[in-house]
Amino acid sequence: VAQAVALLADLHELLRNLAGSLAGHVRADYLSFSLADPDTGAARLGLLQPMGGAAPPALADIPSSLPAAESPTMAVLDSQEPLWLDAEAGDPRFPT
């Protein structure tokens, strides 16, 4: 991972590369990257990369921004702990 960070200047390319590298080690359907917007308190989606052969979601189904209370990104930022979500089981904290 450190080598990829050093070699790739484009963030989207870096995250696609990371998703490919993690696919053999972590079972996940998607790798997402969001940034916290300090002005609004929302999380803005920067990238949603399918992993392991998962189909990309329809663009209409992907929110580009989530309020802090509905955002896994903001929950991780607040707790400073990793967060694993099971899409099939759902999580009542994140209704979208």
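Analyst: Let's start with His12: leaving aside neighbours within four places in sequence, it is in contact (heavy atoms within 4.5 Å) with Gly46 and Leu47. A quick note before going on: this is a predicted model, where local features need pLDDT of at least 70 and side-chain atom pairs count only at pLDDT 80 or more, while totals for chains, interfaces and linings use all residues. Residues are numbered from 1 along each chain as its sequence is written, and side-chain values use heavy atoms, with hydrogens and water left out.

Back to His12, which sits in helix H2, residues 11-22. Helices (H or I, at least four residues) and strands (E, at least two) are DSSP runs, numbered from the N terminus. Along the sequence, His12 and Gly46 are 34 residues apart, yet in space their C-alpha atoms are 8.3 Å apart. His12 counts as partly exposed because its relative accessibility is 34%; buried means under 20% relative accessible area, exposed over 50%, and partly exposed in between, using a 1.4 Å probe and protein chains only.

Now for the whole protein. It has three helices and three strands, and reading along the sequence gives α-α-β-β-β-α. Of its 96 residues, 20% are buried. Among contacts with a separation of 6 or more, 35% join residues 24 or more positions apart. The C-alpha atoms fill a box of roughly 35 × 30 × 30 Å, taken along the principal axes.
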